[in-house]
Amino acid sequence: MSFFIGRGHELDLLGQRLADAGRGHARTVLIGGEAGVGKSRLLAEFAARARATGAHLLTGAAEEHFGDPMPYGPLLDALEGFGHEHGQARAEELGGEAYTRLSAFFDFGGDPMGAPQQVFLAVRRMLDRIGADAPVVLILEDLHWADESTLDLVRHLGQARQDDRRLLLVCSYRSNELGRGDPLWQLLASSAFLRRTERIALRGFDLDELRSFLDSDDQDLVRRCLEWSDGIPFYAEQLMAAGALDDPEDVRLPPDMSSVVLARLGDLGRDAIKVLRVAAVAGRAMSRRLLRTVSDLRGEALHEALQECFDRQMLTGAEREPDVYRFRHALLREAVYQSTVRDTRVDLHLAMARAIEADPRLCLDERSVAAEQASHWYHAGVWPQALAAAVQAGDAATRTLAFPSAAVQYGRALALWSRVDDAERATVEPGGPGERRGGAAERAGLDRVELLVRAANAARWSGHVDRAVAYAEQARTLADTPELDERLANHLWEAGRRAESVAVYERAWAALEPRAASAAKARVLAGLALARLQAGQYTAGGDLAAGALRLAREVGARTEEGRALNISGLALGMRGDPEGERRLRQALDVARAEQHIEDLLRAYGNLGLILEHAGRLREAAAVTMEGLREARRLDLANTRQGAVLANNASAVLVLLGEWDEVEKIITEVSLARPPRESLYPRLTLAEVTVGRGRFPQARELLASIEHVEHGSDPRFLGPLHAVRAELAIGEGDPARAAREVALGVAAVRDGENTLELLRLCAVGYRCAPERADAFALEAGAALRGEEQPAEVRQLIALGAAERRRIAGRDEPATWKRVADGWVTLERPFPAAYARWREAAAAQAADDPVWAQRVAREAYREAEALGARPLLEQVAALGVDLDEPADPVRPHGLTRAELEVYAMLYQGFDTARITRARGVSRRTVETQLSKIYKKLAVRSNLEAVTLARRAGWFG
């Protein structure tokens, strides 16, 4: 079953209220929300689920009108629909005399009713009569357009007695279109009515829900869509369909959408529209004082106009921001702004810029002064002031780590640079006296090179590494310095252009090597050291990192010392030296103290890497996930460093068998990045998809990185060829698999990464048994005399078991030891593989009991992983894999699923189950999906009904 995106809680609540009605306790639920938020879609889904339980459904909707609405319009709609669904005879049988009389009442010239009370009484009697057959759901939509008679009927049904009535009344309305004098507003404000009813405020989607709704992996695009649509599904769909968000610097609303949004302004007063125009020029949010200063409205006229905008929920405020007004929707602000005459906009921008210049307290807060000034000067066309303010705003945003905002401001400053320089140093400000001005550098307070460096840094941390490289290259053409080379090389490295990066680092080192020790010299040497480590040259890279550490300490460069500790710690850790962990933890401390984001995130990633290499998987997962949380806290998960952390965490979770979490992390954090910036996560995801038998997706992932620079990192090349070989095995092409293993062995054999070589050999035994002796020689040559890590020892044991199998000397006891070893290391997939081999060996040894027992273990683990190819291999053994029936856990439910099911039966909704079990909402939703699938039901209501009939929970 696919979950209805983002509305699980609401569907659960409606299902519970229907269950209450089924037990003879009438309920009324009011669903409020803005236009397009999905009220109708929610009600359609609930209606389908309610009908599936056997409930009777009557649905009607009020219609938008431009004169007097039709009395009881939604009721007529409901009666006609009920008659069409059941046929007139059956409808009259179910609804009785009251249904017949109501039908006649609506017929032209039919039976008149003397008073509204007669209509109310007839409706109640009809609903009670239908409810005697099955619970009744009466859905009345769009009450904001309903006539007063319909609202009186809703009031009557909502306040009527609840006991011994099998009715669920569900009504929807637009919460943002109610004025204080509207009849619906008065109904909703009635305490007597509210005591007997329950409200659901339908919100817009959050980021995860919107991503699922749009089915998009483009993180930036989804974020922009959330910002502009406020998560309203209708607006999100329209914006995406029109491509309005493709250019983040130029969002233009589709004409149809502008018309829909602006239609809400039709019944606003003239002064209220004037206030909205001033507010739209100010921005999505504006200070109350700025609006009052710039607006030509005063006193009571301004108060009344503002009140009208607030009553219609076009402007809002918040208790924590008493002096700030906000547009309810970015779309409304943009539509008003675009529909305002250009001359009016320019005059208002100029007035606001001058007002803020005269009194900065008119801004939202002291941090936004430069940004607000930059925007207003720019849109007013006053370039010198706009340039200066943009640089100041970029600097302010950088200090608060608001890098996307900084990138916009620095980009604007760069675009204005030539305009200011070309303006001949003397211009006349529009609407003001002549004024002498300096050039762009004087206005900006820095030279163009420094502006490019700052712009590159902001672009890099905004997730736009290619743009950072372009800025750095421009800076390098203006000034030939090794310091700029170091920055360029760093950006090239993050962009995945490794060979170019190393060449630029070497050029910088050639210039710096003869010079005295310096921080720049230490940074360049550390960059060269990292390149060696990426090539698997841990000893040589460690020596360079040690040199960088000496240089940094010699000149007292604390930040550079932290970076050198970071890289030397990685080198030592990959060689199994405990000093590596100590240095990396020191590097974390230095990065925190120096507030150096890059080194902080890099240290988390490197520490997790060496812990994984040492076989300390749970610690590695904890460290990398902590780093990923830190990146998310800083809003940097979508950067290159965030992608590295996501991959390092995912690589560990793959080994631990947490494949669902791996897919979630990589999909959310990494796949939106270009392939050359997401090589490792794409490969990690390909490993999972191969293991799960999703071969087309795996081929697509591998193809996306096929022509990207791969470098010489054994931690990439080894898994790359191993995954390609596993894919070939899955597709029935052992010859291709053998070629991939051979290529992988050749790529990593000369490095210092024994693990990757042994992992490749393990695949080779399966696809090229005739080369088993050659693989054994490769593995033996890679081993050194020192104590080997646990995984290396386990891979050696696996290789020995494979060679015995190939030689026809397979023994179940041998495979049992291998499987037990993987279990000890918490590696579920290789453990399940070894159990399969153990079962096959036991079967060949004519021990069916042993074979069945371990085959079932292998099958359970493979099923939990979703490893379809391995499932098929275990099933091919032909043993009985069905577990003995457990009367306590029906339909094959796991213990965890049974606990969730019991809570569902007790009336817990998804949120309460999540809190009670201490897990994520996504986990509970996944468990519910599996429960519904196993029970062959579609909703919690059906699941509860099934449990009640079977008596599973007493």
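This is a predicted model: local features need pLDDT of at least 70, side-chain atom pairs count only at pLDDT 80 or more; totals for chains, interfaces and linings use all residues.
When residues up to four places away in sequence are not counted, Phe716 touches Leu679, Tyr680, Leu683, Ile705 and His710. In soluble globular proteins, nonpolar side chains tend to be buried together.

Helix α35 (residues 695–704) has Phe695, Ala698, Leu701 and Leu702 as its buried residues. These four residues lie on the same side of α35, because the arc they cover around the axis is only 120 degrees. Pro696 and Glu700, by contrast, are exposed on the other side of the helix. The buried residues of α35 are covered by elements including α34 (679–691), α36 (714–730) and α44 (868–875).

An open sheet is formed by 3 strands in the order β6-β8-β7, with antiparallel pairing. Since β6 (285–287) and β7 (315–318) each have a single partner strand, they stand at the edges, and one side of each is therefore left without a neighbour in the sheet. On average, neighbouring strands of the sheet are turned by 35 degrees against each other, direction ignored. Strand β6 is joined to β8 (residues 321–327) by 3 bridges, and the two strands run antiparallel. Within this part of the sheet, Met286 stands opposite Tyr325 in β8. Helix α15, residues 299–311, lies across β7 and β8 and runs at about 90 degrees to β7.

A further buried position is found in a loop. Ala134 belongs to the loop between α5 (116–131) and β3 (136–141). The relative accessible area of Ala134 is 7%, and this residue is therefore classed as buried, the cut-off being under 20%. With residues up to four places away in sequence not counted, Ala134 touches Gly54, Ala55, His56 and Arg166. Ala134 and Leu57 are separated by 77 residues in sequence, while their C-alpha to C-alpha distance in space is 9.9 Å.

Conventions: Residues are numbered from 1 along each chain as its sequence is written. Side-chain values use heavy atoms; hydrogens and water are left out. Contact means heavy atoms within 4.5 Å. Buried means under 20% relative accessible area, exposed over 50%, partly exposed in between (1.4 Å probe, protein chains only). The arc is that of the directions from the helix axis to the C-beta atoms. Two strands pair if DSSP finds at least two bridges between them. Axes are lines fitted to C-alpha atoms, for helices over the stretch in contact, and angles run from 0 to 180 degrees between N-to-C directions.
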